[in-house]
Structures are given as C-alpha cells and as structure tokens.
Amino acid sequence: MNSGGEQRPRALLADTPRRWVRLLPWAVAFVLCVALLPTTIVVLTADYGLNGGVASALAVAQTAPLLLAVVRPLRAWYVIFTADVAGALALLAVDFGERLLWPFPPMEIVGYVGLCIALGLREPRRTLVVVWLATVGAGIGLQSAAPHDTSGSTTLLIVLSGAVLVLAGALRERYEAQRRLAEQETISEAERGRRTLLEERARIARELHDVVAHHMSVITVQADTAAYRLDGLPPDVREEFTSIAATARESLGEMRRLLGVLRSEETHGELTPQPGLTRIGQLVEATVRAGVPVEFTACDADVPEVVGLAAYRIVQEALANVVRHAPGAPAQVSVSVSVSESASGDGARLTVLVVNGPPPDPPAAPFEEDRTGHGLVGMRERVRLLGGELDTGPLPDGGFRVAARLPVTSPVTENDSEGAS
C-alpha cells in the first residue's frame, strides 16, 4: 500500500505462474509502441500532409500510453481516445486524398484494438460497454464532418473494438470464475479437514469414555458396596469408602461433561453448573481425607464464573500434585481478593496460593514417579487466557509453591474456561 492508501496496481496477467506469460503484456505493448510510433509520424506527414511537429505529438499521445495500458488500461484509454479524436480533427485542416482512411488511419486502429484487449482483460463489463459506446459516438460524430464520402475506418473500428472487448471480457470473466471455483475448493477442503478433525475428536471421546468411565464406575460401585460386602468395617473406614465413592462420582460427571464437548458441537454440556470458589472447601476436605493435612483460608468474594472455575482447577491440580508427588506433606490453600495499585489500572485480582512443605520421610517415594508437567502447563494456559499471572517453583525447604493472580473483570472468550483442561 502506498502513502495515499490506494492499492498498488498490478500488471495484466501478473497472477499467472509462468514468467513468460507475465512478461507477454509488456512485450506486446513495447512492440506496438516501437512499430506504431515511427509509422504514425511518417504516415501523417508523408501521406496526409500534416505538420511534422503536430504529427509527432499525436503519434506520441496515440502510442506511448500503450505501455501504461499494461497497468492502468482505463487511464491509457482516456489519453489515446482523446488523441485519436484530436488527430481526426487535425486532419480536417489539411487536404488529403480520398483514398486515405479518415477519421481513423490504419495505425490508429491497430493501437486502439491493442488497447481494447488490455481494457477487456482488466475492466468490468459496465466499463467496457461505456468505452464501446464512446467509440461509436465519436465515430458517428466525426463521420458527420467527413471531407470525403468515406466511412470505412469508422465501421472497421467500431466492429473490431466491440469484438475485441467482448472476447477479452469473456476471457477475464472465465478466469475469475475459475479463480473463485479454486477458492471454493480450497474452502471445501478446509471444511473437510475440520469435519475430519471433529469426527476424530468424537472417536477419541468415545474411546476415552469407554475406557475411563468403565473403570471409574467400577471404583464407585466397589466403594459404595464395600460396607455390605466386607463385615466388621470400622466407622472411619466406612466413611472413607463413602468419600471415595462420592469423589469418583463427581470425577465421572466432570469427565462425561468434558467428553461431551469433544463429541459434538451441539452438546449442551456447557450448560451444566461449573465448580467455583464455593467448591474449593469440598476439594480441600477430600484431600484431607486422602491423608494430606491442609489449612484452608476461604474467600467469599463474588467473582465471575470463569474466574472461579479457573481458581478451582488450579487448586485441584496443585493439591493433586501434592498427593502424587509429596504424600503426607502439609499444605496451605489461600484464596483472597485484592485491589491492584499499579499504573495499568488492572483493578481487583483474585489471588490463589497453594504451598506445601517437604514430604515426611516415610513414605520416601511419591505415589507416581512419572512427571509429565501437563498439570503446570494447564494451569499456565488457564491463567494466560484470563490475562493473569502464574508463579510456580520449589521452595528452599523442599516444598513447592503455586501462586496465581487472576483479574476479576478480565474479558474472556466463550469456552476459554475449559480450553486449558
């Protein structure tokens, strides 16, 4: 784009892949200029008896713009059309033979037909009609002032220009139709790829549901029926089995909701209630029953649902990491709202802090040895989508710290809340 905001013009056939085709318009225009310029001067001076200076000026005006026609054919037409009409009027001032064509000598007809090819390849149909009507009007108007009884050049120019404009315009429209068809095929290919992706997502969801949901259901049933299948269970063991069953059912419900998102775009899973700040307390209680001592500082602030969901997922993942990698280690969970005093004016922020100490000596090994790092990546992605900050890392005493600061009024797009799960 240039400084004036106007799109830079492209030469005729500039979009074709072959180099010789791209150079063809320039070659034709150059040949026409080189051939017609001296020919026009000689014919106008020697045959028609026109003054040499006037003939030279007309020759330049009638042939040089053919080079401009490669890029801007309509502007070139303005110049050449005006020069052709001016040349016809100039010839009225001299006495030329009846055998000579007027108002358009042969070299002008050749140049004008070449210009019409460029117009047909570039301009829309309405412009081509206007150009041809102007040519007809000029020819008929000049013919009324003919010094001799001749109309051959006028009829020839009208017929040739009309035929060339129609043919070149048809070629341009055919090319445009093929280009649009290619674009539609590209779009269709992208749609097919998208549909294939959705089908693959649905297949993965079905397989994941068949595998994981079966085992989660078995865990739930075993935990629910343990009190009836096993005799003499102490009350605290019964309570533990009840807690395991409740946690398994909740996890199974969340998994089914998320898999519903993968299955189909028409799913209504997103309409189900999402866990938020009020559910963090239940999450902490379940972790305590799993053998991790947790101190929880709650927050009763009213925050957007997506922010509360992100806070819940961050605490959930952080406590799960404590259970997996530092079993028995004491942990502190704190959720609070503060007002930022920074110059950027970020406003209120929800601070989520999960800190655990070093694990006790027994047991020395964590429940899970493999550390994929997907949990921290998911936390970071959730915080990034909300425009917040996340700070994670080990502590000097061997513990670990997760601190997230989430803007309470941060705008998010639809479905961003589950985008980082």
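The expected span of a helix is 1.5 Å times one less than its number of residues. With that in mind, consider helix α10 of this predicted model, which runs over residues 305-325 and has 21 residues. From its first C-alpha to its last, α10 reaches 30 Å, close to the 30 Å expected at 1.5 Å a residue.

The next step is a pair of helices. Two packed helices are described by the angle between their axes and the distance between the axes. Helix α5, covering residues 106-122, packs against helix α6, covering residues 125-143, at an angle of about 160°, and their axes lie 10 Å apart. Because angles over 145 degrees count as roughly antiparallel, α5 and α6 are described in that way. The crossing in which α5 passes α6 is right-handed. On the α5 side the contact is made by Y112, L119 and G120, while α6 contributes L128, V131 and T135. Sorted by class, this contact of α5 with α6 has four nonpolar residues and two polar ones, with no charged residues.

Of its 421 residues, 36% are buried. Among the contacts in the chain with a separation of 6 or more, 71% are accounted for by residues 24 or more positions apart.

Conventions. Residues are numbered from 1 along each chain as its sequence is written. This is a predicted model: local features need pLDDT of at least 70, side-chain atom pairs count only at pLDDT 80 or more; totals for chains, interfaces and linings use all residues. Side-chain values use heavy atoms; hydrogens and water are left out. Helices (H or I, at least four residues) and strands (E, at least two) are DSSP runs, numbered from the N terminus. Axes are lines fitted to C-alpha atoms, for helices over the stretch in contact, and angles run from 0 to 180 degrees between N-to-C directions. Angles under 35 degrees count as roughly parallel, over 145 as roughly antiparallel, 65 to 115 as roughly perpendicular and the rest as oblique. A crossing is left-handed if the near helix is turned anticlockwise from the far one by less than a right angle, and right-handed if clockwise. Contact means heavy atoms within 4.5 Å. Ala, Val, Leu, Ile, Met, Phe, Trp, Tyr, Cys and Pro count as nonpolar, Asp, Glu, Lys and Arg as charged, and the others, Gly among them, as polar. Buried means under 20% relative accessible area, exposed over 50%, partly exposed in between (1.4 Å probe, protein chains only).
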